[in-house]
Amino acid sequence: MGRPASPARLFRFAPLLAAALLVVTGAHAEAAVRVGLSGFTGYHGYAMSDVNDVIASINDALSSPGDEVNLDELKGDVSFGAGVKFDLDPTWRVYAEYEHLSDNSGGGNLIGSAKIDVSSETFLVGATYFLPSKGKARVGFGGGVGYYDFGGNLEASGSYGGVPFSGSQSASGTTIGFHGRADLDWSGIMTRVGFTWFVK
């Protein structure tokens, strides 16, 4: 599976979160701020054209007539995460969230085999504005900024011309992104729909 989240990476966003909370506390010192904790999971689709090009090359290299290799492309998987939210009043909420996503593909034949693991850790902070509502359900729109940490690993082994081979290769990267979101929120249930735009 993907790389486990290390404490250093999990708390890399701590200074930004602390600064945001100080601003919130100062601006709403006289108001009763409601604090909530959330855990969530869901299916995420993503574009990994570079990784899928490598998978296609591996399939071609290992396949032979009557003995084809078909490693699955990486298109999406289930993610999980947790967050803390602060309702400043019935209209405004600020939040900080962490989310983990991983996926893998692998396979082989008598010629050789390969396995690919990819993962990402996401740290988000942002704000949501909720439309006025007379019931328990609320509809809100918001956005924020995120720090994204990606990593992947490829392992391959087999035999070519009677000579065995094996090896591995890793890659990683980070970026800053912005996200927009729409929330349908009431006690005990959280539903999220949104998009993310990467800086680079």
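I started with Glu73, which sits in the loop between helix 3 (49–62) and strand 2 (76–87). My helices (H or I, at least four residues) and strands (E, at least two) are DSSP runs, numbered from the N terminus. The model is predicted, so local features need pLDDT of at least 70 and side-chain atom pairs pLDDT 80 or more, while totals for chains, interfaces and linings use all residues. Residues are numbered from 1 along each chain as its sequence is written, and side-chain values use heavy atoms, leaving out hydrogens and water.

I put Glu73 down as partly exposed because its relative accessibility is 44%; buried is under 20%, exposed is over 50%, and partly exposed is in between (1.4 Å probe, protein chains only).

Next I checked Phe123 in strand 4 (residues 112–130). Buried or exposed? Phe123 is buried, because its relative accessibility is 4%. I also noted that Phe123 and Glu97 are 26 residues apart in sequence, with 5.8 Å from C-alpha to C-alpha.

Last, I went over the surface for a nonpolar patch (residues with over 30% relative accessible area and no salt bridge, nonpolar side chains joined within 5 Å). A salt bridge here is a Lys or Arg side-chain nitrogen within 4 Å of an Asp or Glu carboxyl oxygen. I found one made of Trp92, Tyr129, Leu131, Val139, Phe141, Leu184 and Trp186, together with about 620 Å² of accessible area (Shrake-Rupley method, 1.4 Å probe). Strand 5 (138–160) and strand 6 (163–186) are the elements giving two or more residues to that nonpolar patch. Trp92 lies in strand 3 (residues 92–108), and I logged Trp92 as partly exposed because its relative accessibility is 41%.

Key. Patch = residues over 30% accessible without salt bridge, like charges linked within 9 Å, V, L, I, M, F, W, Y side chains within 5 Å.
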